[in-house]
Amino acid sequence: MLLQNRPHPHPAETHRRYAHLRDRRLAGVLIDEDTAEDREELSALERISCRVHRRWAHECISSPTHVIAVTGHRWCRPCEAEANIAVDELTGDITITCTRCARTPTTPATRQILRTCRASLATATEHRRRA
Ligand SMILES: [Zn+2]
Ligand SMILES: [Zn+2]
């Protein structure tokens, strides 16, 4: 919340925020995406890295922070209930299921989560394979 009233932080500030991260590829993506988002070139919901958790999107998408009822992210509209998400890092399988009806919400938000998590998974594992 530190950056809330300062939509255009100095780049050095962004770099400092991620200085402690051991995964430098992740730190690089976070810096790029923060910058793009602050310039309104990238939607926060299209990111493959998470500014809040400082992780890859697929690593923290199961956090309650990523339930957004308004947009339908991890949300089942008919049930007005949260949806769980399971990410299998080995197979790349991602499943989103409502905690009440056990169905997958068929919404643009669900497709967006699948898209961004697949992309973050691919970027993270590609780096690990090379390392
Ligand atoms: Zn997150
Ligand atoms: Zn449901």
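This is a predicted model: local features need pLDDT of at least 70, side-chain atom pairs count only at pLDDT 80 or more; totals for chains, interfaces and linings use all residues.
Modeller: Residues are numbered from 1 along each chain as its sequence is written, chains are lettered from A and ligands numbered from 1 in the order in which they are written, and side-chain values use heavy atoms, with hydrogens and water left out.

Biologist: What makes the site of the zinc ion (ligand 1) tetrahedral?

Modeller: Donors are N, O and S atoms within 2.8 Å of the metal (3.2 Å for Na, K and Ca), and water is not among the atoms, so sites may look incomplete. Cys50 (SG), His53 (ND1), Cys60 (SG) and His66 (NE2) lie 1.9 to 2.3 Å from the zinc ion (ligand 1). Four donors count as tetrahedral if all angles lie between 85 and 135 degrees, and the angles here are 105 to 112 degrees. The donor residues follow the spacing C-x2-H-x6-C-x5-H.

Biologist: Why is Cys60 called buried, and why is His53 called partly exposed?

Modeller: Buried means under 20% relative accessible area, exposed over 50%, and partly exposed in between (1.4 Å probe, protein chains only). Cys60 has 5% relative accessibility and therefore counts as buried, whereas His53, at 26%, is partly exposed.

Biologist: How do you know that Ser63 is buried?

Modeller: Ser63 counts as buried because its relative accessibility is 15%. Ser63 is in the loop between α3 (57–60) and β3 (75–76), where helices (H or I, at least four residues) and strands (E, at least two) are DSSP runs, numbered from the N terminus. Leaving aside neighbours within four places in sequence, Ser63 is in contact (heavy atoms within 4.5 Å) with His53 and Arg74.

Biologist: Why does Thr104 count as partly exposed?

Modeller: Thr104 is given that label because its relative accessibility is 43%. Thr104 belongs to the loop between β5 (94–98) and α4 (108–130), and its side chain reaches the backbone oxygen of Ile96 at 2.8 Å.

Biologist: How do you know that the span of helix α2 (residues 24–38) agrees with what it should be?

Modeller: The expected span of a helix is 1.5 Å times one less than its number of residues. The 15 residues of α2 should therefore span 21 Å, and the end C-alpha atoms are 21 Å apart, which agrees. Just after α2, Glu40 takes a positive phi of about 60 degrees.

Key
Four donors count as tetrahedral if all angles lie between 85 and 135 degrees; four count as square planar and six as octahedral if opposite donors are over 155 degrees apart and all others between 65 and 115; anything else is irregular. A polar contact is a pair of N or O atoms within 3.5 Å; within protein, one must be able to donate a hydrogen and the other to accept it, and residues adjacent in sequence count only if both atoms are side-chain atoms.
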